[in-house]
Amino acid sequence: MLLWVSLLALASVSGQLATAPKPVISIQPPWTTAFQGESVLLTCNGVPINSPQETTWFYENQGSQTSSVTPGNTRVVQETGNYQCQHSGSSLSGSVHLIFSAASLILQAPLSVFEGDTMVLRCLRRPGSALKNTTMYKNQEAQAPLCDGSDLRVHGAMLRDNGWYHCKADKESCCSVVSNPVKIQVQELFPRPRLTASPSQPPEGSPVTLTCETQLPPQRSDVQLWFCFFREGQALGSGCSSSPELQIPAMWSEDAGSYWCQAQTVTLSVMKESLRSYIYVQRAIPSVQIHTRPPKESVFEGQELVLVCSVRGVPGPISVSWYKRPKLHLATEIPLSQETEFRISTVKSSDAGKYYCVANSIRSTEVTIHMKVPVSRPVLTRMPRGSRALEGDEMTLRCEAQRGSLPIQFRFFHEDALLKETTTVTSWRASSFHFSLTAEHSGNYYCTANNGLGPQRSAAVTLSVHVPVSRPVLTHMPRGSRALEGDEMTLRCEAQRGSLPIQFRFFHEDALLKETTVTSWRASSFHFSLTAEHSGNYYCTANNGLGPQRSAAVTLSVIVPASQPVLTLRTPGAQALVGDTVELHCEAQTGSPPILYRFYHDGVTLGNSSAPSGGGVSFNLSLTAEHSGNYSCEADNGLGAQRSEVVPLSVTVPASRPILTLRAPRAQALVGDTVELHCEAQTGSPPILYHFYHDGVTLRNSSAPSGGGVSFNLSLTAEHSGNYSCEADNGVGAQRSEVVTLSITGLTGSRGGHVTTGVTGVLLSLVGLAAVVLLFYYWLPGRAGGRPACDASSSSSHSDPQEPTYHNVPAWLEMQPVYSNVNPKEGDVVYSEVCRIQGRNKCAAGTTARLPEDKDSSVIYSQVKVTSTSGSRSQLSASSAPHR
């Protein structure tokens, strides 16, 4: 029996699913490798319908990521890295890796190679590189030398062309140059088709639909495939067509056999066959059945309806009658309907009812025809309502059509990806879908409703799944816990996950430094120049409206160079005295600890001390006279030493006990002489103020601004006899000298006649007494047989009446002369001398003017002079030269 075959073209896109693919990037020129300085045009294909004409591009290279938005769907690039694109409302495209090389020889290959493509590999030399003899290699094996400007072309690429390719060229001067390697992976254009039959084991006389299933990749979605169907080596139908389906209206027992299909490109470059499938046809007993075109479940108003009376196992000739049974009515024969097919060109609501046919008195089963109402556009709702939901919430999507004949098939989609498919046959024209939200559930949702009269798509519902921000991580550059004052510091706060936008806040010791909101990357940075106040703990917070998250604290120590220190000298009193303890305090107002301080005296190091916690240090010094001078200190915390300003210190030495010296022009101070009084303290800081005293009464005072002693002259009078002393005072305490006694000789005639007479009497008495003594003196040794102990004449001859006479001279000071003045005659001087005799020793002549060897002996000179007639009182003057 001849097989009756008819082909029905169904709506399909080359056997692929009807869901819109994600965007695909194409490049022009079609090479993934180019020279630096060249440009490549990227095109983001697959723009959704009604999408805004702009594209978001993502670029990544060595961990650095950026994004940008361009109008349209193209972008020109010149940098090595990975590129992706995304349209509004679409998913992210696949990644495209481009290389912009600085080499002199590169191998250029297409972005992707599929079966059947003409694969072009190009070895390209940089202009001016002086390369020649280019050869292509595959898996380290030379393929063929390439002429200048020629390419390697592989027509009808197959899987056997997979491998690593590179090219090599010779340098004119020395050696060869090898290009970058390129791995070629020929991808399958489409998988081997699969043949399916519905039903798989059809009863005799029933229709069968054959489907040849395969899938094209998104990069080759525009490739046109042709499909051919075969039975036992014989082509079915009118040959190959673009439809992947073939409908056989009726299968009979002789149609059983081996079936397969073939999918091929229009150019026949790629051709693949399915596996063989054996279709069994079930032999039927004599029966009469009704079939409808379209199926009875898909009949709607205005459509053509064909009822077919299928007769099996009934011997012919066959006579067919058609009957219709309206609701609650008896069946009536349809006139003029004796064909096996009963056709209603335009179905009306009145055509609804039950139909059956009778063939040679054999009645078929009844077929009920319902008027099918096309489904209305469904409405997608979500519970809970609102455009935002939290991660972990339970979400319910509900798709509902207001009208449409049952059953209705509902399908739920997320970004064109099918989530769930359900069919409802109840009176409710709705279906629900429940799921727990994750971050990936953000996006656009829609549903479709289909009751066989064409799917209806709902409006899209946008759902933003708000993910709580994770605990951020605070980092800083440059790294390390210590930094120098003046350095540039960058703080970066980053959260690994969390819905955008995210508000980042930076804190220093709980004080807000900066606040920023990001909408693309989950990180924010803060730049500032370091000062000493920036030491401390830092942290950041991230908040996307679901509660802030705080980072761990990061401690930063800003090292501040020590400032110029200040040296302070602290003394017990207003003046620094010898023996005082002075405190030298050195302190730098700023500077990170520890700080090492050094103390200097006139540039020489005195000592050093460290301040582990900062601040200043002190150094105690017990003063001596040598400690006067300039002092300074130095502060050093490892970032450069700073020297203080110089502080002078003057150590005041208390004046020592002064020595008073009286210097006369002669041995015996006479009235009218000028005596120099010299007072000097051996030690003591200037200026020194000297005071001179006579019998406790101040004579005068004088200052020595530069130290040393002072002198003043005194013209002597008789009243100047007495005790003299001096005092030295430099403000630290006065020191008084030892007392020096001055005896002045010589009365003038001014006293009167009665005085002269009295004095003359006294002198005569003294002369008489002296004569008696002299007689006794010379008589006694004569009796003893020797000379007197002292020879008066010798003593007189060796004695100078002008030489001073010493009396009880201290070890450190010459004895000043002691004078007793008697003037019996004018100009005549008589000495009387009394010597203490020691044993039998004699007084040597000429020794009257020097100290006796026995220090316990005393010498007293008496000098008598003639009374001056003038009667005037001599004037006394003093001089301060010491006599040793």
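Residues are numbered from 1 along each chain as its sequence is written. Since the model is predicted, local features need pLDDT of at least 70 and side-chain atom pairs count only at pLDDT 80 or more, while totals for chains, interfaces and linings use all residues; side-chain values use heavy atoms, with hydrogens and water left out.

**Exercise 1. Get an overview of the chain.**

Start with the secondary structure: two helices and 74 strands. Both are DSSP runs numbered from the N terminus, helices being H or I with at least four residues and strands E with at least two. Next, burial: 38% of the 884 residues count as buried, meaning under 20% relative accessible area with a 1.4 Å probe, protein chains only.

**Exercise 2. Which strand pairs with β4, and in what sense?**

Look at residues 54-61 (β4) and 64-71 (β5): they pair in the antiparallel sense over eight bridges. Pairing takes at least two DSSP bridges between the strands. Now pick out W57, whose bridge partner in β5 is S68. Finally, check the turn: two residues sit between the strands of this hairpin, and Q62 takes a positive phi near 55°.

**Exercise 3. Is S470 buried or exposed, and what does S470 touch?**

First find S470 in the loop between β43 (461-466) and β44 (473-477). S470 counts as buried because its relative accessibility is 17%. Then list the contacts (heavy atoms within 4.5 Å): beyond neighbours within four places in sequence, S470 meets A495, Q496, R497 and Q549. Last, zoom in on Q496: the S470 side chain reaches the backbone nitrogen of Q496 at 3.2 Å.

Note on methods:
Buried means under 20% relative accessible area, exposed over 50%, partly exposed in between (1.4 Å probe, protein chains only). A polar contact is a pair of N or O atoms within 3.5 Å; within protein, one must be able to donate a hydrogen and the other to accept it, and residues adjacent in sequence count only if both atoms are side-chain atoms.
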